[in-house]
Amino acid sequence: MGFFQAIVYGIVQGIAEWLPISSTAHLRVVPALLGWPDPGAAFTAVIQLGTLLAVLIYFRNDLGKALMAWVRSIGDPAQRRTVEGKMGWAIFFGTLPIVICGLLFQHDIKGSLRSLNVVAVMLIVVGIVMLIAERFGKQRRGIEDVTVKDGIIVGLWQAVALIPGASRSGSTISGSLFSGFDRGTAARFSFLLSVPSIFAAGLKELWEIRHDIAGPMLGPIVVATIVSFIVGYASIAWLIGYLQRRSTGIFVAYRIALGILLLALISAGKLDPNAGIAPEVPSVSTTR
């Protein structure tokens with residue numbers, strides 16, 4: 001992988017990680033259309049550390065308060081009833097589904113599910129789910145209303161994001177809207193909930209490919225990660241502001257249009273659904 005490719009992948013990751021359009025889908029589609037090899041689920045998980053750093057900095061106050069309340073609540077049950085304590089436990093229990101499913105289906109996640117057929121279908125399906133959530137979600141609850149039950153429910157939605165093309169933010173924002181949260185809170189909760197699983201997946205993949213990145217891949221991975229951090233931070237700020245004023249309709253339209261285009265190209269023989277996919281050593285990934 002050259003540095004130009006690394007920059008492109010970093011930009012794609014930074015934009016698509018937080019917008020509800022699926023970073024995994026775009027990291028599969030872009031190289032397939034340009035004739036580049038699939039960067040792979042491991043590479044994707046590692047450069048997610050850049051977008052993770054972006055969300056850690058952007059939500060540092062929220063995350064710090066939730067973490068401290070969670071730690072204190074272990075010895076002081078009263079802390080579990082505070083807003084921060086409830087958020088901490090919601091994130092804890094909400095992370096379990098994606099970890100369990102990631103371990104159970106790790107071979108498929110890094111293999112057959114990366115087919116562009118799967119990506120295209122999931123772009124459309126989750127786009128329709130987002131449309132339904134936007135239409136029927138009551139949007140009356142705020143961040144102070146988050147409970148452990150919400151964490152579990154939205155955490156199950158997050159597990160759907162293991163399927164390439166689904167989108168972590170798309171699935172969790174939809175789950176939050178179905179639970180009655182307003183759009184701004186849904187996006188905020190989605191970002192906070194993503195932190196533990198992205199961190200765990202990124203470190204695990206980084207450890208497993210440590211020997212490979214010690215050589216020629218080190219430079220491109222570092223560049224892609226830095227670029228994904230910069231672009232990812234801007235994406236978070238933009239999306240939070242956007243969803244406070246407007247619906248997710250533009251993302252729904254984009255997802256469905258891209259999914260249909262991919263299926264049309266595959267059906268016409270213009271695009272190989274398995275283009276560029278290289279065999280990898282199976283491991284856990286929580287990419288979207």
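What share of the contacts in the protein chain with a separation of 6 or more is accounted for by residues 24 or more positions apart? In this predicted model, such residues account for 82% of those contacts.

The secondary structure of the protein chain consists of 13 helices and 0 strands. Read from the N terminus, the order of elements is therefore written α-α-α-α-α-α-α-α-α-α-α-α-α, and the radius of gyration is 18 Å, close to the 19 Å that the globule rule gives for 288 residues, so the chain is as compact as a globular protein of that length. Along the principal axes, the C-alpha atoms fill a box of roughly 55 × 45 × 35 Å.

Of the 288 residues in the protein chain, 53% are buried. The accessible surface of the chain amounts to about 12200 Å², and carbon and sulfur atoms contribute 70% of this area.

A nonpolar patch is found on the surface, formed by Phe92, Phe93, Leu96, Ile100, Leu104, Phe105, Ile152 and Leu156. Together, these residues have about 720 Å² of accessible area. Two elements, α5 (83-104) and α8 (148-160), each give two or more residues to the nonpolar patch. The largest share, 5 residues, comes from α5. Leu104, one of the residues of the patch, is located in helix α5. The relative accessible area of Leu104 is 59%, above the 50% cut-off, and Leu104 is therefore classed as exposed.

Key:
Residues numbered from 1 in each chain as written. Predicted model: local features only at pLDDT ≥ 70, side-chain atom pairs only at ≥ 80, totals over all residues. Heavy atoms only, no water. Patch = residues over 30% accessible without salt bridge, like charges linked within 9 Å, V, L, I, M, F, W, Y side chains within 5 Å. Areas by Shrake-Rupley, 256 points an atom, 1.4 Å probe, with all protein chains shown as cover. Salt bridge = Lys/Arg side-chain N within 4 Å of Asp/Glu carboxyl O. Helix = DSSP H or I, 4+ residues; strand = E, 2+ residues; numbered from the N terminus. Buried < 20%, exposed > 50% of the residue type's maximum accessible area, 1.4 Å probe, protein only. Rg over C-alpha atoms; globule rule 2.2 N^0.38 Å. Contact = heavy atoms within 4.5 Å.
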